[in-house]
Amino acid sequence: MKKLDKLVIKSFVGPLILTFVVAVFVLLMQFIWKYVDDIAGKGLSVGIILELLMDASATFVPMALPIAVLFASIMTMGNLGEHYELVAIKSGGIPLWRSMVPMGVIVAVLTGVAFIFADYVMPSAVLKYRTTLYDITRKKPALNIRPGEYYSEIDGFVIRVNKKDADGKTLHDITVYDHRFSSSQPDIVVAKEGTMQTTPDERYMLFTLCDGCSYSETANDASSESKPFTRIYFDTNKMTFDLSDFAFDKSDESIFQGGYQMMNTSQLDSNAARLKMQRSESIQKQIENIALHISKNTVDSARLDIQTLCDSLERRQLRRVYNEAISRAERCLSDVRIHDQVITSQSEYINRHYIEWHRKFTLSVACIVLFFVGAPFGSIVRKGGLGVPLVASVLFFVLYYVIGMIAEKAVREGAIGTIGMWISTFVMLPVGIFLTYKAVQR
């Protein structure tokens, strides 16, 4: 390996790794901000949170790689140009494109890695993090009984304590409303003090209440209006609360399998073909139903003179015939509109499969395309550091991303074909070719 190759690789790999880590971190922070309300206050263990973040981070890799390549290529070539190393390379008779070859080789390898990652690793990561996220969102908030507040997260009970000691277990002035048997007239337990503790498996919470009484009001029978009032004083009373709803239960991942984001390219192809066949069968069946409906509600005008039939009917009968005909036509039209909505929904779901299929390729190819934008741009502006490379890479990637999102929406709605997923690539590729040409000619 020549010294030039070593210099370029050393200058390129550092910013590439740093930018990749930062990009994944930023995307992860966006994910956390989106689901912070579902995660916070659930009493989740560190292991579960780390598992969720690791699986979510894996899904950001295909998007973070193009950003890293773009920024690192601008920064590398900008640094070389700013320190006149590009001038020295050219004065030695080495063309600019030769200095870009080491970076190009690394980017080509990253392109293959990005595709393999998107096709094999990311579907599994999406399945795992969505399963974990589902389990987190359906888990109740962690048990937290605050002084002076009514706590109603335990099914069938409302608990209020007036004071709670610093140990978190000793309670004072406790009131428990038991709604398990009657929502309108609950049983009430009042105690001056008590202790709260959970079982080792955290499935049950045990209240040991001291110096209190319980109140209950029950009817003699279903039709009786008299309700005897019962008051029982106690020195010690133990109450057990079921906390199974507060436990984190891991769902079976097979429940969530089948989503298009959890498939590789071959699975997307086969599933999309199956869905298209079902859509064609549904359309054909609807056509047959409409034809059958029309054949049942039409007459042979060659055998029957419609005008003579209308003249033979009274005005009231004729109005009834007209209304019935209009009603049947409206029902037929309503069926067609409903079926059109179903077909539109099926078509959109099929398009989502093709969008995901093309996305695995477009994000991988974006590494090469953005490299041919960033490297020549950096050699032209000859500015290293973080300022210009950061601003330029953000602008280029935002342009690429916005165009891609607009095109994806059009593909999803069927306004354009699936080739629309490549529009952002088709836009940025000429820009890269133009910048490369200008850089080489300098």
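Helix α9 (residues 387-412) carries both Phe-397 and Tyr-401, which are placed four residues apart, about one turn of the helix. In this predicted model, the two residues form a stacked aromatic pair, with 6.2 Å from centre to centre and 20 degrees between the planes. The planes lie under 30 degrees apart, and the pair therefore counts as stacked.

A search of the whole structure finds 13 aromatic pairs. Between Tyr-150 and Tyr-177, the ring centres are 6.4 Å apart and the planes stand at 45 degrees, so this pair is tilted. Tyr-150 and Tyr-177 link distant parts of the chain, being 27 residues apart: Tyr-150 belongs to strand β1 (residues 150-151) and Tyr-177 to strand β3 (residues 170-178). Tyr-150 is exposed, its relative accessible area being 53%. Tyr-177, by contrast, is partly exposed, at 22% relative accessibility. That value is not under 20%, and Tyr-177 therefore does not count as buried. Tyr-150 has a further neighbour in Arg-160, whose charged end sits over the tyrosine ring at 5.5 Å from its centre. Elsewhere, Phe-31, Tyr-35, Phe-60 and Tyr-129 are linked by ring pairs into a cluster.

Strand β4 (residues 187-198) and strand β5 (residues 204-217) run antiparallel and are joined by ten bridges. Within this pairing, Ile-188 has Tyr-215 of β5 as its bridge partner. The two strands form a hairpin, with five residues between them. In the turn of that hairpin, Glu-202 has a positive phi of about 60 degrees. Strand β5 also pairs with strand β6 (residues 229-242), again in the antiparallel sense, over 13 bridges. Here the bridge partner of Leu-209 is Asn-237, in β6.

Two cysteines may be considered next. Cys-213 is buried, with a relative accessible area of 7%. Cys-367 is likewise buried, with a relative accessible area of 0%. The structure holds zero disulfides.

Helix α8 (residues 315-381) contains Ser-364. The relative accessible area of Ser-364 is 3%; this is under 20%, and the residue therefore counts as buried. What does Ser-364 contact, leaving aside its neighbours within four places in sequence? Its contacts are with Thr-111, Ala-114 and Phe-115.

The confidence of the prediction bears on how these features are read. The mean pLDDT of the protein is 83, and 89% of its residues reach 70 or more. Where pLDDT is low, the predicted coordinates should not be read in detail.

Notes
Residues are numbered from 1 along each chain as its sequence is written. This is a predicted model: local features need pLDDT of at least 70, side-chain atom pairs count only at pLDDT 80 or more; totals for chains, interfaces and linings use all residues. Side-chain values use heavy atoms; hydrogens and water are left out. Rings of Phe, Tyr and Trp (its six-membered ring) pair if their centres lie within 6.5 Å; planes under 30 degrees apart count as stacked, over 60 as edge-to-face and the rest as tilted. Buried means under 20% relative accessible area, exposed over 50%, partly exposed in between (1.4 Å probe, protein chains only). A charge sits over a ring if NZ of Lys or CZ of Arg is within 6 Å of the ring centre and within 35 degrees of the ring normal. pLDDT is the predictor's confidence in each residue, from 0 to 100. Two strands pair if DSSP finds at least two bridges between them. A disulfide is a pair of cysteine sulfur atoms within 2.5 Å. Contact means heavy atoms within 4.5 Å.
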